[in-house]
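Dear colleague,

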Amino acid sequence: MTETAHTVHQIARPHGFPTAEHFAFVASPLPEPEAGSALVENLYWSVDPYHREMMDDVPGGFALDAPLEGRTLGRVIASRTPRLTEGEIVFHRKGWRTHAVVTADEIRRLPRFDGVPLTAYLSLLGGTGLTAYVGLTRIARLQEGEDLFVSAAAGGVGTATGRFARLLGAGRLMGSTGSAAKARHLTHELGYDAAFDHHDGPAADLLAKAAPDGIDVFVDNVGGEQLAAAVRALREFGRIVRVGTISQYNLPGAASPRFDHADIVEKSLRMEGFLVRNYLELQEELYEFAVPHLQSGRLALDETVVDGFEHIVDAFLGMLRGENTGKIIVRDRTQARP
């Protein structure tokens, strides 16, 4: 067993887009678990858009010169509590490090389903999938046959939203993304009826072409111009699900989207944001919904896997640049198939 642990620290606050210079890899002796805790060797790490928000000087944000936090899966390798068994795989939030000391209250045990890979617990069965599921079933209250527009549709939450919407009986699916190749992927692989590269022109024009008859629901991962375009395109009693504002994370002081606020009243629109941590009680419901479809092959995992903990910062920055398709996951090299 290795005697050295590695962690990633944030060492400076970014002003705009972060770079590798905002992070540092720090080596230290392998931590020793105290009574009541266990040492976990992390195997899979999630890097997510919300990490960019936490890099700023905000309440609850990342502290400088300290290990970062994030969703991760790991194996218990040394235990000093009967509540954690050596060899078991657990989910916890002490990511961005190779090893972590955890208590039983800080982990979640994972049910193992035949034919479902571990990575699913960081994508469709994890916070990414739960975000999509909550957005569709609790916030939008999607009804069969309703037409849906998803921004950042080729990302982690976007791909999960599209696949879940299809299973829930959505009508037409429209998506925006950052390249022509990803737009083709949405229509050829994920079952979208129309998709566009948001760089190709004004969002209002692109959405009007993709959805000439309007939309019922907008799942917004981007904000900005696309949010304004969706307000215009929504039909009466339309709903906007606010998940994120990735278009503004790296643009401090960016102007808010401008739209006709009268549309909100005259079309009886509803806009609602949410934090997935307030819906964790729906985790089992997500399993009941998604696992049978994963096992049957009707539901596929959309993942970009990066091998090697040493590449976790590169993976994070690449995700912010839109280099991934689906959920981006960093994998320890020992878990890579030969």
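**Overall architecture**

The protein chain contains 10 helices and 15 strands. Please note that this is a predicted model. The radius of gyration of the protein chain is 21 Å, which agrees with the value near 20 Å that a compact globule of 338 residues would have. Along the principal axes, the C-alpha atoms occupy a box of roughly 60 × 45 × 35 Å. Buried residues make up 54% of the 338 in the protein chain. Of the contacts with a separation of 6 or more, 69% link residues 24 or more positions apart.

**The parallel sheet**

An open sheet is built from 6 strands, with parallel pairing and the order E10-E9-E8-E11-E12-E13. At its edges are E10 (194-197) and E13, each of which pairs on one side only. From one strand to the next, the twist averages 15 degrees.

Within this sheet, E11 (residues 215-220) and E12 (residues 234-242) run parallel and are joined by 5 bridges. Val217 has Arg239 in E12 as its bridge partner. Together with helix H6 (residues 224-233), E11 and E12 form a right-handed β-α-β unit. E12 also pairs with E13 (residues 270-273), again in the parallel sense, over 4 bridges. In that pairing, Val241 stands opposite Glu272 of E13.

**Helices lying across the sheet**

Which strands does helix H4 (residues 180-189) lie across? H4 lies across E9 (173-177) and E10, and runs at about 170 degrees to E10. Helix H5 (residues 203-210) lies across E8 (148-150), E9 and E10, with an angle of about 160 degrees to E10.

Among the buried residues are the glycines Gly127, Gly129 and Gly135, together with Leu130, Tyr133, Val134, Leu136 and Ile139. Thr128, Thr131 and Thr137 are also buried, as is Ala132. After H2 comes Arg141, which has a positive phi, near 55 degrees.

With kind regards

Terms used:
Residues numbered from 1 in each chain as written. Predicted model: local features only at pLDDT ≥ 70, side-chain atom pairs only at ≥ 80, totals over all residues. Heavy atoms only, no water. Pairing = 2+ DSSP bridges. Helix = DSSP H or I, 4+ residues; strand = E, 2+ residues; numbered from the N terminus. Right-handed = clockwise from strand over helix to strand, strands pointing away. Buried < 20%, exposed > 50% of the residue type's maximum accessible area, 1.4 Å probe, protein only. Rg over C-alpha atoms; globule rule 2.2 N^0.38 Å. Contact = heavy atoms within 4.5 Å. Axes fitted to C-alpha atoms, helices over the stretch in contact; angles between N-to-C directions.
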